[in-house]
Amino acid sequence: MEKNYAFRDRMRQVHRPNRRIEKPLLQGQIEITDRWQISLPQDDFLATIAKDLQDYFAVSMGLSLAVCEDAVSEYAITYKIDPSLEGDGSYRVAVTEKEICLVGKDARAAAQASYLLEDICNLAQAPYLAIGNTDRTPIFRCRMVHSGYCIDEYPDEHLSAIAHSGVNTILVFVAGVNQAPSHPLDFNDLIKRAAKYGLDVYAYSYMKSRLHPDDPKAEEFYDSLYGELFRQCPGFKGIVFVGESVEFPSKDPRTCGRLRLDNIGPEGKKIDPRPLPGWFPCCDYPLWLDMVKRSIRRASPDADIVFWTYNWGYCAEADRIALIDALPTDISLQATFEMFEDDERQGVPTRSTDYTLSAPYAGKYFISEAKAAHKRGIPLYSMTNAGGLTWDMGVVPYQPAPYQWLKRYQAMRECHEAYGLCGSMECHHYGFYPSFISDLAKEYFTAHNPDGEAIIKNLIIRDWGAQNIEAVTKAYRLFSDANHDIITSNKDQYGPLRIGPAYPLVLFEDENIAIPSSPTAHFNINWICRPHYKTSKPLSDPTQRTVFEGEIRVYQSVADRMLEAATILKGLLPTLPQNMRDEAQRIAGTVEFMGRSLRTAYHVKRWYVEKVAIAEHDGNLASHIQALREIGEAEIENTKAALPLVDFDSRLGYEPSMEYAADREHLIWKISVMERILREELPALQSK
């Protein structure tokens, strides 16, 4: 049984122990043995990478390789910078009988060659390499992630693991100089430490823009915010602006011209019903952006300024494109990949709200803005969640749905070729957790025309053994197809899917219940998870009723398929050697936890139907109470089944911005709430 936060111990272990399995050496392969030495590069950065490689062979392959300034053995691993390699960031692992040369177009690329050597040995499950060259060229210039360890906190080991995953940029929320939203943070120290692992650092602005750019004091004001940030922290590579986080008092008459909190009256109602500037493509954003850009570039001429159009997809395409047409071209534009896409699942209509893997392809909103940016020559980024997690589930480390992710990755490659997509934001505040999904992304986001299905097959062999290919493939496809059918909506993404089995099913006495939340969390759980579940339209509306009953049917199907996939994977665990079993059990546990979470959502929906019927006094009180009791008992059992999952893997139930929301303590709390309802509130209703 893991205590809370024990998963961080695993995250601080960059190289997984004991990956080696004894097997015969094939023709055309060489074996790295203790006779080999690693030649210490003169470059300080690559010297660190060489020592990392030494640690890899010791921890993962059981080999003691010396690192020497002047390698005396005839068997050597060397590092080389070769600017003649084609393509930015290109790298190569060149293998002969007595030398492995790790070549990069620059030092950071040579580090990636070192990590590629590790990947090759991991897939071989032995320190065996084929003679010849293995070349890679990344297709994206920027892949950025938030911390999955703790919000805005990056231990060195997490930085190293991020770099091993092929990601080259980390994000930190910025509320001021050396100030993250929830705590002080030494940005310069983070920038210096990240550079040791070949990582850039971008600021994600939470600094509010309280003056319009034509205000006489605006130049001084924005210089005191953004100019000062880059003067004090000159190592920031760039900054990300998103409307709802920075806001500004626009003079666009289509908006209320106020910041969100400034538009709330004394009774909690909106003062002005027009859209908020942070949620609308205002015509004066170019003025604001130009002023902010000047403030930043006076301090840091090469800073990458990323302008993200999140939350504007509901607006008319003409308004959004008019804004892009007015933007300066020396910034980067970021558009969300799948948001606001209308579709259906098993005949039930759905719209992708925030981020979801159920809509793996580029949406119309993204494509419209991608075309406009490409036409104007503006570098194009996208919020893709390619690190492995979306808001389909709030408290898991990643979604182990490789075939569904492959669709997303294929679509990203197509957009790279069609519109010049060159940057990818791969997670939000739920953070990055290295997994076999991030391994898939790393290999697929290279220019060597990769075979995604073959990559997945090799990862299955690495993690589950060649003898289990058929069973694991079946489970992964089943789970991937189930992910495709998740119906996204605000009531579910900001409801049971946010915290999974810890979500309470409440009746009338508990409609204002508060979920226990850590006082130190970036977000109080109740701010982004609404325990009082309800639909936007009443179920008495025939269309709403039909859609809702369709959602119940689809959610039951999704949960059943996820749990079936988990059963297949769990059945394989006893056949695995110990050095594979723990990680395989965590994969199976994540699959089951997601299935339990979708079953909770299914029960929530059924519970809501009965609750509404009682509130409407339809004359069948006894049958509705009996139905509630059956649903409640089933959900209690479902929640109890999640307890051993969170006990084994302390990452389940955790989300960096909320802290723990579905750990053992929260699950027990939810069970106690429901048992009290069944014991007290249902009989009280019956007696009325």
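Select Trp-464 and show everything around it: leaving aside residues up to four places away in sequence, Trp-464 touches Val-472, Tyr-476, Leu-569, Leu-572, Leu-573, Leu-576, Met-580, Ala-584 and Ile-587. Keep in mind as you look that this is a predicted model.

Now widen the view. Trp-464 belongs to the largest nonpolar core, which has 228 residues, and is listed with Phe-57, Ile-77, Ile-100, Phe-236, Phe-241 and Phe-307 as touching the most other members. Color helix α19 (residues 578–615) next: with 15 residues, helix α19 gives the most to this core.

**Stop two: the barrel**

Switch to cartoon and trace β9-β10-β11-β12-β13-β14-β17-β18, a closed barrel of eight strands with parallel pairing. On average, neighbouring strands here are turned by 30 degrees against each other, direction ignored.

Zoom in on Thr-169 and you'll find Asp-200 of β11 standing opposite.

Then select residues 364–376, which make up helix α10. Helix α10 lies across β14 (332–336), β17 (380–383) and β18 (421–425), and runs at about 165 degrees to β14.

**Last stop: a glutamate**

Go to helix α18 (residues 542–572) and pick out Glu-551. Is Glu-551 buried or exposed? Its relative accessible area is 5%, so Glu-551 counts as buried, the cut-off being under 20%. Show its contacts beyond four places in sequence and you get Val-348, Ile-487, Lys-491, Asp-492 and Lys-605.

Conventions
Residues are numbered from 1 along each chain as its sequence is written. This is a predicted model: local features need pLDDT of at least 70, side-chain atom pairs count only at pLDDT 80 or more; totals for chains, interfaces and linings use all residues. Side-chain values use heavy atoms; hydrogens and water are left out. A nonpolar core is a set of buried Ala, Val, Leu, Ile, Met, Phe, Trp, Tyr and Cys residues joined through side-chain atoms within 4.5 Å. Buried means under 20% relative accessible area, exposed over 50%, partly exposed in between (1.4 Å probe, protein chains only). Helices (H or I, at least four residues) and strands (E, at least two) are DSSP runs, numbered from the N terminus. Contact means heavy atoms within 4.5 Å. Two strands pair if DSSP finds at least two bridges between them. Axes are lines fitted to C-alpha atoms, for helices over the stretch in contact, and angles run from 0 to 180 degrees between N-to-C directions.
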